[in-house]
Amino acid sequence: MKKHICIHGHFYQPPRENAWLEAIEQQDSAYPYHDWNERINAECYGPNSASRILNGDHRIVDIVNNYSRISFNFGPTLLSWMEKNSNEIYQAILKADQKSMDRFSGHGSAIAQVYNHIIMPLANLRDKETQVKWGIKDFQSRFNRRPEGMWLAETAVDTETLEVLAENDISYTILAPRQIKRFRKVGASKWLTPADDPFFHCRPYKYLLPSGKEINLFFYNGEVSQSVAFSNILDNGKLFAKALYDSFIGNENDICLTHIATDGESYGHHHKHGDMALAFCLKEIEENKNFELTNYGEFLSKHTPEYEAEIHENSSWSCVHGVERWKADCGCNSGGKPGWHQKWREPLRTTLDELREKLIQVYKNEMPFFCNDIWYVRNEFISVLLDRNEDTVSDFITKHAVNIRSHEDESKFLRLLEMQRNAMLMYTSCGWFFDDISGIETVQILQYANRAIQLAERESDVFLNEWFKKEISKAESNTKKHTDGKKIYEAWVEPKRLTLSNVAAHYAVATLFSENPERIEIWNYIGISEDFERHQAGDFILSVGRTVVHSKVTHSMKNFDFAVLYLGQSHIIGSMAVDLTDKAYLKMKSEIVKNFNDGQLSDTIALLQKYFGQQKFSIWNLFRDDQRAVLLQIVENRVENADEILKDVYNRNYNLMGILHKANLPLPILFQKNKEAVVNHEIISCFKGDRVHPSQLENLVVEFKKWEVPLDKTQIEFVAGQRVYSLIKELVQSPDDLKLLRTIRRVMDSLEQLEVKPDLVPIQDKYYQIYKALYSNDTLDKKLIPTDYEAWDKLFRQIGDSLNMDLFKTKD
């Protein structure tokens, strides 16, 4: 009996993008990362694409891509983020699927997922169909093949959902062991339950659907899966492998598959270095002749299901009560807030369901003007979401819309589809999963609801926002400050709502600092000035112009005239209007520019009020990330000025400090603090410059040792890691550059003497890439390094030692 093992990872993050900007804003709770996607990408998704295998000395002997040897799914919205923000890891995931096809008899390890992780049994049939179709199209566009399997959000299932999967040619899905109701051998009359066969999860099953179609089901091993997710089994790869081996004990079935399924984030985010335990476990299994790694597609191709099963309707893997966790106070929660209730879940679900029906009515009333099959067009809208640009949008409109007589018609057609998209995003499962309606996940889905409401009110005569707030007020919060859903909505959701006027104010402020102020892309908006002037007088800046702002998503556009002043530090005053005549605009621009250039600031500010009225905007009208960027730029300029002063004090008193040091006399506190600030700043600047100069860094090491300066290691490690990574990336492109190799070596030596330990992971990845490209059986390819062969080889091995790499079987 051949024993097969399959490990499935469900890799997923909820969509976190601002519903108007289509970008993730700064999330302080993810510090030191920009947002939670970025943090979990660094802790989990990246490490699993290049996971370390260590020897007994805890040195790296190999780097492997875990995805190529497991079964996995990635949420489409997460892959969309990754494609734009972490393309190298994204490409590694795609390549892993290609490699898995070679390993597993032509069956790729990646499977699809319902598009934005909605709880399928709680969705209406149309949303189920769109979620599946969008998930399939997204998968095909990325992996260049049709998916064999599909992951259901929270493995939540009912028969109607399985019908939709089968209708769309999905071969299988993966469920929790408690979701099987009963099973029997095909052709047998007697039904069995899990109590009758403790190894029921070791085989695939057919599910015969009412329509006459069928789908295959896998019920994972719950005991081992729970250990991976919630115990310390990932502390040791050998323990992990042993748990999988032990699951076969007592199983005498001819077909024998142990398979587990957990959140993929277990391997690195929930359990630090869990990716390394997974890598070691996979290596252990591959080297054991009694066991064989497989994936679900390959296993099905070799083992046609001999049993059929029935499921528990409306069941899931993360709620013992079925799917109550996403609609009721069932008792399931994170456990992090003892005593908190989840009574808010029911009114949240009820209100969103009522909103969905109202949005459907708007769609049914307005969309038939543009097309006959309005739901088919919604299903096809995924083609725009996958590659939103002028050509794809234009092609989509040409193919699917009629009666487009004006730009406004085109914009309305797109707005109605965006309304429907947001109406599905507001059902993302995480909105109900955690402990309170005030959580960032629930606030996020309320933001999508707000966006859908805005679009509906724009395209019809319905007014939904006040009604929505009244209904959501029935959702009681556990927090004292914001006691119900309405207060949370008003505090954290409504202020996020954007209009083109908000974007125009951002654009106007941005023109003060932009290198190309005539055209600025603001996330998914574009501001283009038809007329623009920028003037500077000392620290003061004036921007004045006439611009058109338009949305890349809905093609909405609006014209604005503006004038904005930067008065130093964080002081910005601006105004804008939509109704100035050409004559009034030219007169306004002429007068404001003249007074500014004449140094008449008070008169310039008075003219803003004269032409634009009382309404003004400031730096606080910038979107959060840009607001921070501008403030940090202002701070950096001030720091540079301060550094010059501190450095002058340091240099003028250097000899005196040396004499005091030699005489073992304490330095005055001001000299001490000044010295620390200068040395730290110089080290940081050394790494932040255009090029790193090893000799300059080595001199700073001398200063560090001489004065025993306490270092800002957090900041130095960050900038040093970035710099060394950029150097080794250059080496990938120019591997025969011996001078560059020497620079890397000298920098690494300096860091060691500074006792600074930057993040080596991305640097090790590039080093390994060079090693694989240039070495064969520990021998450097002389054709690739034709000159200074021995010196290059020696330096490269030394750098590997500094990086804790032990790749060479033969030592230098």
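Two strands are taken to pair if DSSP finds at least two bridges between them. Helices (H or I, at least four residues) and strands (E, at least two) are DSSP runs, numbered from the N terminus. The structure is a predicted model, in which local features need pLDDT of at least 70 and side-chain atom pairs count only at pLDDT 80 or more, while totals for chains, interfaces and linings use all residues. Residues are numbered from 1 along each chain as its sequence is written, and side-chain values use heavy atoms, with hydrogens and water left out.

Strand 13 has two pairing partners described here. Strand 8 (residues 180–185) runs antiparallel to strand 13, with 5 bridges between them; within this pairing, I180 is placed opposite I311 of strand 13. Strand 9 (residues 205–208) pairs with strand 13 in the parallel sense through 2 bridges, and K206 stands opposite E308 of strand 13. Strand 13 spans residues 307–311, and because 4 of its 5 residues are buried, it is largely enclosed by the rest of the structure. Buried here denotes under 20% relative accessible area, exposed over 50%, and partly exposed the range in between (1.4 Å probe, protein chains only).

Y31 and P32 are joined by a cis peptide bond, with omega about 10°. P32 is located in the loop between strand 1 (3–11) and helix 1 (36–49). Positive phi values occur at two asparagines. For N664, a residue other than glycine, phi is near 55°. N664 lies in the loop that connects helix 23 (654–662) and helix 24 (669–688), and its relative accessibility of 70% classes N664 as exposed. N804, likewise not a glycine, has a positive phi of about 65°. This residue is found in the segment after helix 29 (789–802); with a relative accessible area of 28%, N804 is partly exposed.
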